Amino acid sequence: MEYISGIIFLILSVIAFYSFAKKLLTIKRNIHLGRQVELNDQPLERWKNVFFLALGQKKMFKNIPVALLHLILYVGFIIINIELLEIIVDGVFGTHRFFEPYLGILYPVLINSFEVLAALVFIACIIFLSRRNIIRLKRFISNDLTGWPKTDANLILIIEIVLMGLFLTMNAADPSANFMISSAIKPLLSNLNEHQLHAIEQSAWWIHILGIYGFMNYLPYSKHLHIVLAFPNAYYASLEPKGKMHNMVSIQNEVLYAMQPELAPTNVAAPEKFGAKDVMDLSWKNLMDAYSCTECGRCSAACPANSTGKLLSPRKIMMDTRDRLEIVGKNIDKNGQFVDDGKTLLNDHITVEELRACTTCNACVEECPVSISPLDIILELRRSLIMEDSNAPSEWNGMFSNIENNFAPWKFAPDDRDAWTKQS
Amino acid sequence: MKVSTMAEMMAAGTKPEVLFWVGCAGSFDQRAQKITKAFATILDKAGVVYAILGKEEACTGDPARRAGNEFMFQMMAYQNIQVMNAYEIKKIVTTCPHCFNTLKNEYPALGGNYDVIHHTQFLQELIENGKIKISDSNEWKGKTITYHDSCYLGRSNDIYEAPRKVLESLDVELKEMRRCKSKGLCCGAGGAQMFKEEEKGTSRINMERADEAIETKADFVASACPFCNTMMTDGIKNRDEEVKTEVLDIAEIIAKAIQ
């Protein structure tokens with residue numbers, strides 16, 4: 001009998017890991033639909049970012065109570081998953097607490113610490129749920145989150161609570177176990193006989209591990225994917241001053257040929273599109289940013305446009321980019337290659353009015369705990385609007401022609417540029 | 001006032017220590033011209049040999065680039081770099097954080113490599129080196145000042161201390177706004193917003209920032225950017241009918257405080 005359950009468990013494990021890996025590879029492929037950019041310079045600085053920003057959660061610690069709660073979830077997630085190793089071994093070989101005899105005194109120490117963390121995670125998740133649903137913090141009740149994103153956030157927290165509950169129940173129903181937190185639950189199970197206890201332990205064990213497999217497979221579809229992508233995203237984060245916009249070499253050549261036509265190569269194809277209209281025109285880092293976003297909304301809370309009621313929300317920019325990228329990915333899965341669906345990120349997901357509201361103040365970039373730059377995407381889409389569609393408000397067209405003709409954004413005579421030296 | 005241009009210096013066979021990049025606002029905007037003149041006065045008093053490009057200076061292209069017009073940006077950059085490289089410019093100081101960011105971070109990719117500093121950094125150096133002396137009985141002494149961080153100095157280039165250090169040398173009380181330094185709220189002008197109507201919303205960004213400045217009850221608002229100056233002045237004018245909290249550039253404040 002144990003032999004059969006071992007095989008069933010093994011099959012389920014293989015399916016769970018296989019489908020998780022498959023989805024991750026699809027996400028990797030989707031990210032690489034983006035424009036190629038080299039982000040491998042200064043490895044030391046990049047590892048520092050991984051260490052401080054991702055591992056150390058430096059930006060989270062701007063708000064210490066929330067950072068501590070988040071740290072509990074994060075440490076809990078990593079540490080409690082060490083116990084998964086034993087759970088899997090027990091499942092496959094039908095053993096019971098496989099590592100106990102080998103670890104001696106260390107074993108109860110480990111399990112006790114897992115239990116304390118599990119209880120803390122349980123409490124932290126309840127606090128987080130109440131911040132979203134009872135206290136209703138401003139950044140969690142924004143329109144960005146209407147519908148699925150709100151459910152997604154609550155679902156993650158509820159699943160965590162259930163999983164932690166099952167882990168503790170499993171230990172409590174194990175007559176041979178006596179650990180710190182689960183022993184406190186034992187009195188609740190005191191009038192059950194040995195068979196009933198065993199059934200409860202076994203059910204809790206099965207639901208717990210299947211729940212974990214389910215959660216693992218839910219991860220790539222959820223905002224929660226940041227627990228994986230925060231690390232590479234910190235490594236590949238821009239090391240340039242935030243104010244620097246990347247240079248467009250294609251335009252540089254155009255300008256050069258306009259000024260010195262003799263340099264222009266003949267019979268060369270016209271340059272590719274200018275700026276970004278769709279996700280494929282963005283850089284792969286922009287696309288990894290989109291998958292790394294956990295929709296916390298710190299960007300939008302700090303955005304001057306958003307806080308004064310403009311349509312722009314940097315969080316929505318990231319969510320839209322991911323949504324569109326998923327659509328494009330599914331299109332490729334279905335057709336073998338991307339077949340034009342008549343839609344683009346610009347216009348169909350992100351509107352002109354949103355893009356026009358940005359002051360490029362970098363508050364969103366500064367806030368993001370996982371090194372995302374919504375601004376980079378906004379600026380690439382703006383480039384497309386102006387250079388591909390000639391879509392500018394009339395004041396901007398005036399500004400452009402002033403710069404072109406008078407070398408200043410206002411209509412002043414260039415000869416008066418030094419007139420201030422003659423004033424008293 | 002007598003300000004030499006690079007062309008004049010070249011003709012006279014001399015070279016300045018530093019090029020003063022005035023910028024479009026500093027050259028043409030009536031309010032910003034006062035900042036330009038204040039800074040030029042300080043340079044003169046400190047005995048700095050400087051020059052301007054004068055009629056040869058052109059927009060750096062910053063608002064065009066942020067609006068999305070890369071082509072126009074590169075045209076302007078190409079033109080300015082040609083002029084500056086011909087004069088063999090090494091060091092630039094500017095009173096505009098937008099020009100500062102573009103010259104410093106964006107011109108190198110196009111062949112313009114200069115040591116670029118912002119006027120608040122330059123003022124800090126002048127004070128620390130004793131080139132300018134703050135009067136012990138300066139008119140700001142004992143006053144409270146709140147400093148508004150420009151995004152293009154602060155978050156964009158991590159310059160938070162220089163402007164504050166300069167103000168501290170005045171023996172004033174610095175009062176920070178609710179959101180300051182890396183959390184500082186934008187004035188609303190960046191990203192070419194200065195050159196168009198604000199998008200539809202529930203309030204204006206400069207009004208929100210003006211409220212924060214007024215909340216500090218400071219006697220003056222110090223700015224370090226001609227665009228922030230305009231936005232903050234307008235915001236406060238609209239909010240504060242009774243008390244006219246003045247918005248002054250750090251250069252103007254220092255110009256009035258030196259011996």
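Two strands count as paired here if DSSP finds at least two bridges between them. Keep that in mind for the sheet in chain B. One caution before we start: this is a predicted model.

So, the sheet. It is open, has 4 strands, and pairs in parallel. The order in chain B is β6-β5-β7-β8. Which strands stand at the edges? They are β6, residues 173–174, and β8, residues 246–249. Each has a single partner strand, so one side of each is left without a neighbour in the sheet. Now look at β7 of chain B, residues 220–223. This strand runs parallel to β8(B), and 4 bridges join the two. For a landmark, find B:Phe220, which stands opposite B:Glu246 in β8(B).

The loop between α9 (161–168) and β6 of chain B holds B:Asp171. Its phi is near 65°, a positive value in a residue other than glycine. In general, most residues other than glycine have a negative phi. How many other C-beta atoms lie within 10 Å of B:Asp171? There are 15, and the residue is partly exposed.

Step back to chain B as a whole. Chain B is divided into domain 1, residues 6–124, and domain 2, residues 134–255. Their centres, taken over C-alpha atoms, are 23 Å apart. On contacts, 26 residues of domain 1 of chain B meet 26 residues of domain 2 of chain B. What supplies the domain 1 side? At least two residues each come from α2 (23–28), α3 (30–45), α4 (62–67), α6 (97–106) and α7 (119–128) of chain B. The largest share is from α3(B), with 8 residues. By class, that side of domain 1 has 12 nonpolar, 10 polar and 4 charged residues.

Next, the two chains together. Here 56 residues of chain A are in contact with 57 residues of chain B. On the chain A side, the elements giving two or more residues include α10 (249–259), α16 (352–356) and α18 (374–387) of chain A. Another is α19 (394–406) of chain A. Which element gives the largest share of that side? That is α19(A), with 6 residues. The chain A side divides into 29 nonpolar, 12 polar and 15 charged residues.

That brings us to α19(A) itself. First, a length check. The helix has 13 residues, and at 1.5 Å a residue it should span 18 Å. The end C-alpha atoms are 17 Å apart, which agrees. Which of its residues are buried? They are A:Trp396, A:Met399, A:Phe400, A:Ile403 and A:Asn406. What covers these buried residues includes α4 and α5 (70–86) of chain B. Just after α19(A) comes A:Phe407, with a positive phi of about 60°.

One last stop in chain A. A:Arg97 is in the loop between α3 (64–93) and α4 (100–103) of chain A. Its phi is near 50°, again a positive value in a residue other than glycine. Around A:Arg97 there are 17 other C-beta atoms within 10 Å, and the residue is partly exposed.

To recap two points. The sheet in chain B runs β6-β5-β7-β8. On the chain A side that touches chain B, the largest share comes from α19(A).

Note on methods:
Residues numbered from 1 in each chain as written. Chains lettered and ligands numbered in written order. Predicted model: local features only at pLDDT ≥ 70, side-chain atom pairs only at ≥ 80, totals over all residues. Domains from an automatic or database assignment. Contact = placed C-beta atoms within 7 Å. Nonpolar A, V, L, I, M, F, W, Y, C, P; charged D, E, K, R; others polar. Buried ≥ 20, exposed ≤ 12 C-beta atoms within 10 Å, placed from the backbone. Expected span 1.5 Å × (residues − 1).
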